[in-house]
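Subject: Handover of the model

Hi,

Here is the model for you to look through. My notes follow below it.

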Amino acid sequence: ILELQGRDLKAAQLAANTAIRLDSNDLYVLESFGDVFFVLNQTRKSRDSWTRCAELDEENVACRLKLAELYFAVRSYSEALERLNEVLLIEGRNPNALFLKGNVYKEMGDTANAATFIQAAIDANPEFYDAYEQLGVLYAAQGDSLAVVYYQKAIELQPNEPNIYYNLGVYHQAQEQWNRALEAYSSAVQVDPKHFNSHYNMGYIHVLLSVWNQGAVHFTDAINAKSDYYQAFYGRAYCFEMLGDVKRAKEDYERAVNMKVDYKPAREGLDRVERTMSVGQ
């Protein structure tokens, strides 16, 4: 329904209701009706419409796949798998169905099946960026170096996506491969200078390495990218404290506490520098 594309939801809803009254057995109308009401978060209407579509056409993949996505979104995993299996009986190498099936298993905690089906999605579509990213996430969670292989392939497919560099950096950081992590985070901020989490993690790594000046620089970059980033204010304050600049440390600890009053590390840091300043008076 064309109105949906322009996000004129009232017009889309009116058109959908009109179309379904005119022909409630038209497959395109049923699919589009479900699309409109899914966007409107009236998922029961979407479910009923797509179910009717699937019942009318035993070979209809689109409505079955949308039903699976709906069931996945509401965590009805057995229903999602049922619909995905129907799709795969029709199209055994449907990459979207294989990918979603892998994600269902991932949410169910079955990482072996998750990896199997997401890999099958890649086999069906070797340009499937999201599948490479998801396998990277799965293997990274297990500390498996295969994560790097999948992240690198995702980077080849979408070199201007900062989050994939960030995920690669997180993997290397977890393995205490500091230089590789910093390289990945640097790539993320080259693509997106406002990628505050990458700036923060570079600051954090420099704190671990006791390189306080450089840590303060990266935390400042994180703050410039996200002005209410209280953890970055805390990190910069800690760097200033280690550098002996207690005045600036106090200012940043206070900012962090003002942003999050129950942030214990910042309160403890503020207490430390205030004691230091009182001794020096």
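At what angle do helix H8 (residues 111-124) and H9 pack, and how far apart are their axes? The angle is about 155 degrees, and the axes are 9 Å apart. Axes here are lines fitted to C-alpha atoms, for helices over the stretch in contact, and angles run from 0 to 180 degrees between N-to-C directions. H8 and H9 are therefore roughly antiparallel to each other. For that wording, angles under 35 degrees count as roughly parallel, over 145 as roughly antiparallel, 65 to 115 as roughly perpendicular and the rest as oblique. The crossing of H8 and H9 is left-handed. That is, the near helix is turned anticlockwise from the far one by less than a right angle; clockwise would be right-handed.

On the H8 side, the contact uses Thr111, Ala114, Ala115, Ile118, Gln119 and Ile122. On the H9 side, Ala131, Tyr132, Gln134, Leu135, Leu138 and Tyr139 take part. Contact means heavy atoms within 4.5 Å. Sorted by class, the contact of H8 with H9 has 9 nonpolar, 3 polar and no charged residues. Ala, Val, Leu, Ile, Met, Phe, Trp, Tyr, Cys and Pro count as nonpolar, Asp, Glu, Lys and Arg as charged, and the others, Gly among them, as polar.

Some ground rules. This is a predicted model, in which local features need pLDDT of at least 70 and side-chain atom pairs count only at pLDDT 80 or more, while totals for chains, interfaces and linings use all residues. Residues are numbered from 1 along each chain as its sequence is written, and side-chain values use heavy atoms, with hydrogens and water left out.

The whole chain

The protein chain has 17 helices and 0 strands. Both are DSSP runs numbered from the N terminus: helices are H or I with at least four residues, strands are E with at least two. Of the 281 residues in the protein chain, 43% are buried. Buried means under 20% relative accessible area, exposed over 50%, and partly exposed in between (1.4 Å probe, protein chains only). The protein chain exposes about 14700 Å², and carbon and sulfur atoms supply 47% of that. These areas come from the Shrake-Rupley method with a 1.4 Å probe; for residues, only the protein chains shown count as cover. Now take the contacts in the protein chain between residues at least 6 apart in sequence: 42% of them join residues at least 24 apart.

H7 brings Phe99, Asn103 and Lys106. H9 answers with Asp130, Ala131, Gln134, Val137 and Leu138. The residues of this contact divide into 4 nonpolar, 2 polar and 2 charged.

H7 has a contact with helix H5 (residues 61-73) as well. The angle is about 20 degrees, with the axes 11 Å apart. H5 and H7 are therefore roughly parallel to each other. H5 passes H7 in a left-handed crossing. From H5 come Leu65, Ala68, Glu69 and Phe72. From H7 come Asn96, Ala97, Leu100, Asn103, Val104 and Glu107. The contact of H5 with H7 has 6 nonpolar, 2 polar and 2 charged residues.

Two buried residues

Gly215 sits in helix H14 (residues 212-225). Gly215 is buried, at 0% relative accessibility. Leaving out residues up to four places away in sequence, Gly215 touches Gly203, His206 and Cys239. Gly215 and Tyr204 are 11 residues apart in sequence and 6.7 Å apart, C-alpha to C-alpha.

Ala266 lies in helix H17 (residues 264-280). Ala266 is buried, with a relative accessible area of 0%. With residues up to four places away again left out, Ala266 touches Tyr234, Tyr253, Ala256 and Val257. The C-alpha atoms of Ala266 and Phe233 are separated by 8.8 Å, at 33 residues apart along the chain.

Two loop residues

Arg75 is in the loop between H5 and helix H6 (77-90). Its phi is near 65 degrees, a positive value in a residue other than glycine. Arg75 is exposed, with a relative accessible area of 67%.

Glu176 is in the loop between helix H11 (162-174) and helix H12 (178-191). Glu176 is not a glycine, yet has a positive phi of about 60 degrees. Glu176 is exposed, with a relative accessible area of 56%.

Best wishes
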